[in-house]
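Subject: Handover of a model

Hello,

Please find the structure below, with its sequence.

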Amino acid sequence: MRQRGYTYIGLLIFIVLMGTVLAAAGVLWRTQAQREREAELLFTGRQFAAAMTLFYERAPAGQRPRFPARLEEMLDDRRWPTTTRQLRHVYVDPMTGKPEWGIVRAPDGGIMGVYSLSREVPIKRAGFGAPYDDFASASSYQDWRFVYVDPAKTDN
């Protein structure tokens, strides 16, 4: 008769251990998901920067180079007589899940860059490559600015 409570105590200990393991697995899953969203943000940001570079650098003959006034302008560049696209679609910000982006304005008022509106702290701290080396010191994803970089200045 003295052994009746041992099974119940053993079951409680098992439940506590399983809860601890599941909590640790949740933290690992969340970290991995954030790393994947970071990688997607880096890809997407580079796509935007490349599109802005194409838009600016490949102005039609006789027109002054300029930056797009809206992101959607890179989906169908009306400066050309035929359909010209620098982007296939305006990407969703992987960190917020929304199509809204922070905008970096050019001196002429156009858009020369984008950034995430997420205030989360990045996990990735190194290995960004030029011209994004300064991302290593970012305090949030808002500091990851994907902007037009003059090719003449990067050829050094």
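This is a predicted model: local features need pLDDT of at least 70, side-chain atom pairs count only at pLDDT 80 or more; totals for chains, interfaces and linings use all residues.

Residues are numbered from 1 along each chain as its sequence is written, and side-chain values use heavy atoms, with hydrogens and water left out.

Overall form

The protein has two helices and three strands, in the order α-β-β-β-α from the N terminus. Helices (H or I, at least four residues) and strands (E, at least two) are DSSP runs, numbered from the N terminus. The radius of gyration is 24 Å, whereas a compact globule of 156 residues would have one near 15 Å; the radius is taken over C-alpha atoms, and the globule rule is 2.2 Å times the number of residues to the power 0.38. The C-alpha trace spans about 100 × 35 × 20 Å along its principal axes.

Of the 156 residues, 33% are buried. Buried means under 20% relative accessible area, exposed over 50%, and partly exposed in between (1.4 Å probe, protein chains only). The protein exposes about 10300 Å², with carbon and sulfur atoms supplying 58% of that area; accessible areas come from the Shrake-Rupley method with a 1.4 Å probe, and for residues only the protein chains shown count as cover. Among contacts (heavy atoms within 4.5 Å) with a separation of 6 or more, 49% are between residues 24 or more positions apart.

Sheet

The three strands make an open sheet in the order S1-S2-S3, with antiparallel pairing. Two strands count as paired if DSSP finds at least two bridges between them. Strands S1 (102–105) and S3 (146–147) are the edges, each pairing on one side only.

S1 and S2 pair over four bridges in the antiparallel sense, and Arg105 has Ile111 in S2 as its bridge partner. The two strands form a hairpin with five residues between them, and Gly109 in the turn has a positive phi of about 95°.

Nonpolar cores

A nonpolar core is a set of buried Ala, Val, Leu, Ile, Met, Phe, Trp, Tyr and Cys residues joined through side-chain atoms within 4.5 Å. The largest one has 23 residues, of which Phe48, Leu71, Met74, Trp144 and Phe146 touch the most other members. Helix H1 (4–57) and strand S2 (111–115) are the elements that give two or more residues to this core, and H1 supplies the largest share, seven residues. Apart from this core lies another of six residues, including Phe67, Val104, Ala106 and Met112.

Leu71 is in contact with Phe48, Met52, Val90, Trp101, Ile103, Ile111 and Val114, leaving aside residues up to four places away in sequence.

Salt bridges

A salt bridge is a side-chain nitrogen of Lys or Arg within 4 Å of a carboxyl oxygen of Asp or Glu. By this rule there are six.

- Asp77 and Arg79 form one, with the closest N and O atoms 2.8 Å apart. Asp77 is buried at a relative accessible area of 0%, and Arg79 is buried at 12%.
- Glu73 and Arg66 form another, at 2.4 Å from N to O. Glu73 is buried at 15% relative accessible area, while Arg66 is partly exposed at 27%.
- Glu72 bridges to Arg70, with the closest N and O atoms 3.4 Å apart. Glu72 is partly exposed, with a relative accessible area of 39%.
- Arg30, Arg37 and Glu120 are linked in a network of salt bridges.

Ser140

Ser140 is in the loop between S2 and S3 and is buried, with a relative accessible area of 10%. Leaving aside residues up to four places away in sequence, Ser140 touches Ser118, Arg119, Glu120, Val121 and Pro122. Ser140 and Gln32 are 108 residues apart in sequence and 18 Å apart in space, C-alpha to C-alpha.

Regards
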